[in-house]
Amino acid sequence: MSRIGNVTISIPAGVEISISKGNLITVKGSKGELVQQVDQDLSVSIEDGVLSVSRPTDQIRHRAMHGLYRSLINNMIIGVNEGYKKVLELWGVGYRVANKGQLLELGLGYSHPIYFSVPDEVKVETEMVKGQKPTIILTSHDKQLIGQIAAKIRAFRKPEPYKGKGIRFKGEEIRRKQGKTAG
């Protein structure tokens with residue numbers, strides 16, 4: 001029995017949800033619009049401002065899809081209503097970041113700067129304050145896209161375990177290794 005799939009979703013004010021033929025769900029809100037194709041076996045219904053997802057049988061596949069699509073629809077509703085935000089910090093001496101519109105320029109200790117073009121759905125801001133770590137702030141209404149972009153940026157210089165240098169999410173703890181000991 002899917003516990004996540006059975007939880008109903010209350011639709012906040014200002015969010016419009018439409019279910020078209022073929023289980024195509026469109027969610028519109030103040031932050032934007034998102035579209036998700038739901039599996040044909042599942043049924044999505046809206047009654048009195050509450051959205052529910054139901055499955056036909058207790059097969060393993062149906063149980064898995066039940067919780068998945070309920071979570072995806074919930075993320076869409078939260079995204080178009082409130083939005084999502086990811087903050088990345090650059091840890092390392094001489095690391096720097098700047099943006100010109102949607103083009104991100106990273107100086108991460110390589111012999112060349114790294115240029116990364118961010119999609120228009122994701123807003124990017126950079127902060128370089130003296131005495132603090134350079135930060136990249138990503139905001140969007142699409143949780144999947146913002147997570148993917150943040151992971152790509154982090155992959156340019158993952159945090160290493162000895163000194164902790166690299167790009168990390170704000171508040172992320174890195175397991176440090178001791179290194180060599182003097183004999």
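Two strands pair if DSSP finds at least two bridges between them, and helices (H or I, at least four residues) and strands (E, at least two) are DSSP runs numbered from the N terminus. The model described here is predicted: local features need pLDDT of at least 70, side-chain atom pairs count only at pLDDT 80 or more, and totals for chains, interfaces and linings use all residues. Residues are numbered from 1 along each chain as its sequence is written, and side-chain values use heavy atoms, with hydrogens and water left out.

The hairpins come first. β3 and β4 form a hairpin with four residues between them, and G32 in its turn has a positive phi of about 160°. Strand β3 covers residues 24-28 and pairs with β4 in the antiparallel sense over five bridges. Along this pairing, V27 stands opposite L34 and K28 stands opposite E33.

S18 is partly exposed, with a relative accessible area of 39% (buried means under 20%, exposed over 50%, partly exposed in between, with a 1.4 Å probe and protein chains only). Not counting residues up to four places away in sequence, S18 touches L24, I25 and T26, where contact means heavy atoms within 4.5 Å. K28 is 10 residues from S18 in sequence, and their C-alpha atoms are 8.7 Å apart.

A second open sheet has three strands in the order β1-β6-β5, also with antiparallel pairing. β1 pairs with β6 (residues 50-54) over two bridges, and the bridge partner of S10 in β6 is V50. Helix α2 packs on this sheet, touching β1, β5 and β6, and its direction makes about 155° with that of β6. Axes are lines fitted to C-alpha atoms, for helices over the stretch in contact, and angles run from 0 to 180 degrees between N-to-C directions.

H66 is buried, with a relative accessible area of 2%. The H66 side chain makes a polar contact of 2.7 Å with the side chain of R55 (a pair of N or O atoms within 3.5 Å; within protein, one must be able to donate a hydrogen and the other to accept it, and residues adjacent in sequence count only if both atoms are side-chain atoms).

The largest nonpolar core has 21 residues. Such a core is a set of buried Ala, Val, Leu, Ile, Met, Phe, Trp, Tyr and Cys residues joined through side-chain atoms within 4.5 Å. The residues with the most contacts inside this core include L90, L106 and I153. Elements giving two or more residues to the core are β7 (84-91), β9 (103-107), β10 (114-117), β12 (135-140) and α3 (143-155), and α3 gives the most, with five. Apart from this core lies another of 17 residues, among them V15, L34, L51 and V80. Leaving aside neighbours within four places in sequence, L106 is in contact with residues including L90, I136, I153 and F156.

The structure holds one aromatic pair. The rings of F116 and F156 have centres 5.7 Å apart and planes at 75°, so the pair is edge-to-face. Rings of Phe, Tyr and Trp (its six-membered ring) pair if their centres lie within 6.5 Å; planes under 30 degrees apart count as stacked, over 60 as edge-to-face and the rest as tilted. F116 lies in β10 and F156 in the loop between α3 and β13 (166-169), so the pair ties together parts that are 40 residues apart in sequence. F116 counts as buried at 13% relative accessibility, whereas F156 counts as partly exposed at 24%.
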